[in-house]
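This briefing is meant for a reader meeting the structure for the first time.

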Amino acid sequence: MRPHRYADYMFENPPLLQIAADRMAAPLFAPGRFARLMDIAELAEGERVLDFGCGGGLGARVIAKAIGPNGRLTCVDVSSLWMGLCRKRLRRFANVEFYLGDLRKLPVPDADYDLVLVHRVLGFIQAGNRQSVVDCLAQKLSSGGRLLICENTEPRIGFEAHRIRKLAENAGLVETRAALEGAKFTALFVKS
Ligand SMILES: C[S@@+](CC[C@H](N)C(=O)[O-])C[C@H]1O[C@@H](n2cnc3c(N)ncnc32)[C@H](O)[C@@H]1O
């Protein structure tokens, strides 16, 4: 997968200020934001979750706490820097595994997840690659599994809600709820 034109800058070699924000400011707001998303996804104790584009692990930590020791969390990211921070942030959780690289080529099992979370990731993937990535995410879901997508729809850093819907629909998923708040589009899809 060819990296997004901002990929080197933002993900593999982000400015120190961005790392500082992830370490100091974001932890103040992220838990509440991810807890609300997990309410929408109706995340339950013991579930198997894939956090696609986990970044520094702020959402992953909320998920790991919510699923408890009987659940399982898989974190996937293409950036070794963010993955390193994620590993550090989740070091106390035994039931978390980490995969670095392109999900489509990783040995992450198919039909094995109750929930896949995609939070601010699709917008950073080249338009021509998005469908095969979303197809792959759908493949990871077990029957009845949910895909929660939350993306920015501003053209500079995101893309329109109807295109996000189309990606999920083409992957065979059914939308069960959706909301557009400002530029933020959040939608839950289910695999039948
Ligand atoms: C804006 S950050 C969001 C991180 C996290 N989801 C959050 O909301 O805190 C985007 C993340 O997506 C990752 N990413 C970009 N393209 C990806 C891809 N094709 N596969 C997996 N992760 C990707 C980046 O490395 C980065 O960590």
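In this predicted model, the accessible surface of the protein comes to about 9,600 Å², and 54% of that surface belongs to carbon and sulfur atoms. Of the 192 residues of the protein, 49% count as buried.

**Overall build**

- The protein contains six helices and seven strands, and from the N terminus on these elements follow one another in the order α-α-β-α-β-α-β-β-α-β-α-β-β.
- Among the contacts in the protein with a separation of 6 or more, 71% are accounted for by residues 24 or more positions apart.

**Charges**

**Nonpolar cores**

- In soluble globular proteins, nonpolar side chains tend to be buried together.
- The largest nonpolar core of this protein has 31 residues, of which Phe52 and Val118 touch the most other members.
- Two or more residues of this core come from each of β1 (48–52), β4 (113–119), α5 (127–140), β5 (141–152), α6 (161–170) and β7 (184–191), with α5 giving the largest share, five residues.
- Once the neighbours of Val118 within four places in sequence are left aside, Val118 is in contact with Phe52, Leu137, Leu147, Leu148, Ile149, Cys150 and Glu151.
- There is also a second, separate core, made up of 26 residues, which includes Leu43, Ala64, Met83 and Cys86.

- Helix α3, which covers residues 58–67, is mostly covered, since seven of its 10 residues are buried.
- The buried residues of α3 are Leu58, Gly59, Ala60, Val62, Ile63, Ala64 and Ile67, and Ala64 is also one of the residues in the second core.
- These buried residues of α3 pack against a set of helices and strands, namely α2 (16–40), β1, β2 (72–77), α4 (80–89), β3 (96–100) and β4.
- Just after α3 comes Gly68, which takes a positive phi of about 70°.

Conventions:
Residues are numbered from 1 along each chain as its sequence is written. This is a predicted model: local features need pLDDT of at least 70, side-chain atom pairs count only at pLDDT 80 or more; totals for chains, interfaces and linings use all residues. Side-chain values use heavy atoms; hydrogens and water are left out. Helices (H or I, at least four residues) and strands (E, at least two) are DSSP runs, numbered from the N terminus. Buried means under 20% relative accessible area, exposed over 50%, partly exposed in between (1.4 Å probe, protein chains only). Contact means heavy atoms within 4.5 Å. Accessible areas come from the Shrake-Rupley method with a 1.4 Å probe; for residues, only the protein chains shown count as cover. A nonpolar core is a set of buried Ala, Val, Leu, Ile, Met, Phe, Trp, Tyr and Cys residues joined through side-chain atoms within 4.5 Å.
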